[in-house]
Structures are given as C-alpha cells and as structure tokens.
Amino acid sequence: MKIVLISNGDIPPDKYGGTQRVVWWLAKGLLEIKQNVVIINDGNCRLNHDNLEVIKTDKKINKLRKKNKEQEIYKYIPDDTDIVHLHFNPKKEPDFPYLITFHWLGKAEADFNETIYPNTIFASKRHAEVNGREDFVYHGLDPDDFKFSINKKSNFLFMSKVSYTPKNVKLAKKLAKDMKFKLDIAGGWWFSFSKYIKYHGMVGGRKKKNLLAKSKAMIFPTQIEEPFGLVTIESLVSGTPVIASEYGAMNEIITPEVGFTCSNYNEYKNAIKNIDDIDSINCRKRVKDKFNNIEMAKNYFDYYKKVVKTGSI
C-alpha cells in the first residue's frame, strides 16, 4: 500500500514537537511492515529508506490551512496514492481516501469550534470519549531511540512546556521544596532562587535522553484532558517511572507497576516517598509491549485497509 503522511515541521523535531515525533515513528513502523510511505511536510526530514519518498512543500502547511488553501497542500499527493493520513485538522473534508489523527484537545477546550470529520482517529480511549467518538490508536515510539538505565540519580524531572500553565509546573516545584528533593525542569526557562530547582530550557538530543534515563522519576501533574502525553512513554521506555495526575489518558498509560496517578497533593507526596518500589525494567517493558511504533503502525494499517475498502473507518 502507498501511504502518504502529511505534517508540518521538521521530522523529527530537534526539540519541541510531539506531532512530528509521532509521524517519525509511524513512518518508521510502516516501513518496517513493508509499506510504501510518502512524507509531505514543510520542514526537514531525516528519515531515509528505499521505500520512502519525501516531498517538501514550498509554503507552510499551517498557513495554507488557515487561509483555506489546502488544495495547495494536496497537489503534492502522488497519483498512485492509496490513502492520505493527515496530521492536521482540515477546514474541509477531503474528497479522497483519508485518515486524520486528531492530536489536539478538541471538545475539552471551551472555545473549540472546528469540525471533527468521520475518518478521525484519537490518541487514547479517553481522548476519543471526550470528543464523542470511539476510534483511537495509541501513540508508539521506537525504543531504540532512547537510552535505558537502571542507575538513577536522586533528581526528579519535570519535562513539559513551562509557559503553559495547565501543565502545572507549580505543583512539581512545590513538591520539590516541601519534600526537599532536587527537581530538573525541562521545557523552558524561569527564574528560581531555590537550591532544589534547576531549569534546563528546551532540550533535545543527547541531553533529553540523559535526563529521561538518569532521573529518579518523571512528575507529570497535568491539569488538562491530556490526549496522550508522549513524554510519559518517553520516560518509561528510559526506565524512569512516572508520577502523574488522573487527567486524560494517564490512567490508560500509567499502571501500578510503572508509576502512580494522583488526585490530590497528599497522593503526590506518597508517590514520591514510594517511588523506589517501581522497577525500571517494568517501565521499559510497558512501552515495548504496549506503546511501540510497530504496534502503532499495525493498528493504523488496519484502519487504512478499512478506508480503502469502504471509504470509512
């Protein structure tokens, strides 16, 4: 099957860009299961394969979408394409075989006013439910892209966009100060005079891998209906347990064998105290068994076949 993946940005991104990392791992998974893949994007693409074609648009995909000029994106689609997998939400339903991965909060946002089209797939069961649907495919990553370690420092880690208040860095900082542990914060800069807090800015590459692998645990106290939470499985595959809220997909990802989900501040404190009970090997196994990119590609491929055969999911 010839599958076209369309996304904005660099694939993969150097630092921030969850959607682009998903496209990167999906493309690798589809190639691994012997499919022909075309990536249409407006940035750089570092993936090379005999069965991969990369097409770069001459204009930014998001700008074309906002101006209702999506046909200028679609003109790059090869004539012999079987299905197009969009990683943006179009202004108009495509008139060719398509699938959309919905990477955004959607109806969990009060001001959401876009159309969710029939052939739309969500990132978790909860994500689909919030948006009134049932179809979802869990994100999956390539475990070989990450460093695994059972030898941990005493530092905990917060790795999310600091400037986005609902990610709740405030709670992670309060825990560090109240319980007197060191907290590394990646995802932006802020002033801090506390000896327990260290900011690392936006991280990628080796630094990100080392932070994920060497931290005692990831603290992810999101306050939104998280569609998935890619950083949680990046942490787990690195052998680092996760302490998260109960919002969004967290209870689908975090089991008692790999971390804790918390509903109040005391539960977060108890999770910190008991984090040594979690085995790093179980953390990595959770991702390799459930959230790997080959499994993701196979699940999407099942949907591709349905759409090619019937026109719908």
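The second largest pocket in this predicted model has a volume of about 330 Å³, a pocket being an open set of points on a 1 Å grid over the protein atoms alone, with protein on both sides within 12 Å along at least five of seven lines. Volume here is the space filled by probe spheres set on the points, which are joined across faces, edges and corners. Of its 16 lining residues (an atom within 4 Å of a point), Pro 12, Pro 13, Arg 46, Gly 205 and Lys 209 sit closest to the centre. Helix 1 and helix 6 (205–214) each give two or more residues to this lining, and helix 6 has the largest share, with four. Helices are DSSP runs of H or I, at least four residues long, numbered from the N terminus.

On to the largest pocket: its volume comes out at about 1300 Å³. Its lining takes in 45 residues, with Tyr 16, Gly 18, Thr 19, His 103 and Trp 104 nearest the centre. Helix 1 (18–32), helix 2 (61–66) and helix 7 (230–237) are the elements that supply two or more residues, and helix 1 gives the most, five.

There is also one cavity of 30 Å³ or more, a cavity being a set of points where a 1.4 Å probe fits but cannot get out. Leu 105, Arg 126, His 127, Val 130, Asn 131, Glu 225, Glu 226, Pro 227 and Gly 248 line the largest cavity.

As for conventions, residues are numbered from 1 along each chain as its sequence is written. Local features need pLDDT of at least 70 and side-chain atom pairs 80 or more, while totals for chains, interfaces and linings use all residues, and side-chain values use heavy atoms, with hydrogens and water left out.
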